[in-house]
Structure formats: C-alpha cells, structure tokens
Amino acid sequence: MRIVEKPRPEQAPSTLAVVGRYVLRPEIFAELATTLRGSGGEIQLTDAIARRVPQREVIVRRFTGTRFDCGSKQGFLAANMALGRKMGLVA
C-alpha cells in the first residue's frame with residue numbers, strides 16, 4: 001500500500017483516494033516532527049502516515065460512493081446539489 005499527497009493523475013499509484021477522518025496513534029506526532037516538507041512546501045500528514053505503513057499501523061476501509069472535492073467551489077456546489085436531489089429539495 002502507498003499513500004501519496006495530491007499526485008498528478010499520471011503518477012497516482014491507484015484510483016483510490018483518502019477521504020473522511022483519521023484515527024491516529026500518538027506515534028504520528030514523532031513522525032510529523034521528522035517529516036520533510038512535501039507537496040506545496042508543507043509538512044504533509046499523508047507523508048507521515050506513509051512512514052507508518054511498514055509498522056502496520058495503518059488500517060484502511062474501502063467504501064463505494066461518490067466523492068466530492070469540497071475544497072473547491074465547484075465540488076462544494078456539486079456536493080450540495082447531490083444532497084439536495086437526494087433529499088428531494090432540488091429537481
């Protein structure tokens with residue numbers, strides 16, 4: 001298993017994405033303290049998590065559904081429209 005922060009589509013190791021919330025062991029803070037700056041020049045939680053994979057401290061759960069990028073205006077609007085349609089509030 002590999003986890004990569006915001007890879008370019010041609011460099012992505014799979015078509016899977018990390019969404020939702022994390023439950024992390026306290027050891028992640030030591031990893032963050034020694035994690036070099038990554039994507040965007042920032043220290044990435046994703047990189048610290050990737051370093052915990054060999055210790056078998058990362059558990060994942062696959063689910064099926066629709067993912068929306070709510071970090072963009074378009075994604076946020078699409079998520080709200082989908083919810084509105086599901087609730088019968090939007091045609």
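Student: Why is Gln44 called buried?

Tutor: Gln44 has a relative accessible area of 7%. Buried means under 20% relative accessible area, exposed over 50%, and partly exposed in between, with a 1.4 Å probe and protein chains only, so Gln44 counts as buried. The model is predicted: local features need pLDDT of at least 70, side-chain atom pairs count only at pLDDT 80 or more, and totals for chains, interfaces and linings use all residues. Residues are numbered from 1 along each chain as its sequence is written, and side-chain values use heavy atoms, with hydrogens and water left out.

Student: Where is Gln44, and which residues does Gln44 touch?

Tutor: Gln44 sits in the loop between helix H1 (28–34) and helix H2 (45–52). Helices (H or I, at least four residues) and strands (E, at least two) are DSSP runs, numbered from the N terminus. Not counting residues up to four places away in sequence, Gln44 touches Glu5, Leu32, Thr35 and Ser39; contact means heavy atoms within 4.5 Å.

Student: What makes Arg25 and Glu27 a salt bridge?

Tutor: The closest N and O atoms of Arg25 and Glu27 are 3.3 Å apart. A salt bridge is a side-chain nitrogen of Lys or Arg within 4 Å of a carboxyl oxygen of Asp or Glu, so the pair qualifies.

Student: Why are Arg25 and Glu27 called partly exposed?

Tutor: Arg25 has a relative accessible area of 45% and Glu27 one of 31%. Both values fall between the two cut-offs, so both residues are partly exposed.

Student: How many salt bridges are found in the whole structure?

Tutor: The search finds 3. One of them joins Arg51 and Glu31, at 3.0 Å from N to O. This pair links distant parts of the chain, with Arg51 in helix H2 and Glu31 in helix H1, 20 residues apart.

Student: Are Arg51 and Glu31 buried or partly exposed?

Tutor: Arg51, at 36% relative accessible area, is partly exposed, while Glu31, at 10%, is buried.

Student: What does Glu31 form with Arg52?

Tutor: The side chains of Glu31 and Arg52 meet in a salt bridge, 2.6 Å from N to O. Glu31 lies in helix H1 and Arg52 in helix H2, so the pair ties together parts that are 21 residues apart in sequence. Glu31 and Arg52 are both buried.
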